[in-house]
Amino acid sequence: MARTSREHVAEQWDALVNVSPAELADWLETDESWAVGYKGYGEESVGHAAGRRIVVLLDTDRRDWLDDDWSLARKAVGVIRRHRAQWPEGDVSASRWRHALLNWGHDPLR
């Protein structure tokens, strides 16, 4: 039986989103979290806003996810995969690159 698009997204989500809801919620309160990402027209970056929604998704049974939730999960997987493909040289532990990934629920050092 072929996997559905949602099954594929769920598999990638499980492999890439590697911080707990509590860890992500705590991270999103830091100055480092607020300082990274594309801001657009508002003060909050796209990744930071997504992170707030990801906290909720991590605490929600996947069977209860709505279409918008699945769209966010798909977007998060894509963002994480693209950013990981651009791994910078040197120590990334305190880098803006890692901080941006953390906003999306992924710690590249795990």
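I take a residue as buried when its relative accessible area is under 20%, and I keep in mind throughout that this is a predicted model.

**Entry 1: His 48**

I began with His 48, which I found in helix H4. Turning to its surroundings, and leaving aside the neighbours within four places in sequence, I listed Leu 28, Ser 33, Trp 34 and Asn 103 as the residues in contact with His 48. For Trp 34 I also noted a polar contact of 3.4 Å, which joins its side chain to that of His 48.

**Entry 2: H2 against H4**

On the H2 side the contact is made by Pro 21, Leu 24, Ala 25 and Leu 28, while H4 contributes His 48, Gly 51, Arg 52, Ile 54, Val 55 and Leu 58. Sorting the residues of this contact, I have 7 nonpolar, 2 polar and 1 charged.

**Entry 3: His 106**

Which side chain makes a polar contact with the side chain of His 106? I found that of Arg 84, at 3.1 Å. His 106 itself sits in the segment after helix H6 (96-103), and its relative accessible area of 4% makes it buried. Apart from neighbours within four places in sequence, the residues in contact with His 106 are Leu 16, Asn 18, Ile 80, Arg 84 and Leu 101.

**Entry 4: H1 against H5**

I then looked up the packing of helix H1 (residues 5-16) on helix H5 (residues 67-84), where the axes are 9 Å apart and the angle is about 50°. That angle makes H1 oblique to H5. Here, too, I recorded a left-handed crossing. From H1 the contact takes in Ser 5, Arg 6, Val 9, Ala 10, Gln 12, Trp 13 and Leu 16, and from H5 it takes in Asp 67, Trp 70, Ala 73, Arg 74, Ala 76, Val 77, Ile 80, Arg 81 and Arg 84. By class, the residues of the contact of H1 with H5 divide into 9 nonpolar, 2 polar and 5 charged. I note that Leu 16, Ile 80 and Arg 84, which belong to this contact, are also among the residues I listed for His 106.

Key:
Residues numbered from 1 in each chain as written. Predicted model: local features only at pLDDT ≥ 70, side-chain atom pairs only at ≥ 80, totals over all residues. Heavy atoms only, no water. Axes fitted to C-alpha atoms, helices over the stretch in contact; angles between N-to-C directions. Helix = DSSP H or I, 4+ residues; strand = E, 2+ residues; numbered from the N terminus. Parallel < 35°, antiparallel > 145°, perpendicular 65-115°, else oblique. Left-handed = near helix turned anticlockwise from the far one by under 90°. Contact = heavy atoms within 4.5 Å. Nonpolar A, V, L, I, M, F, W, Y, C, P; charged D, E, K, R; others polar. Polar contact = N/O pair within 3.5 Å; in protein donor to acceptor, adjacent residues only side chain to side chain. Buried < 20%, exposed > 50% of the residue type's maximum accessible area, 1.4 Å probe, protein only.
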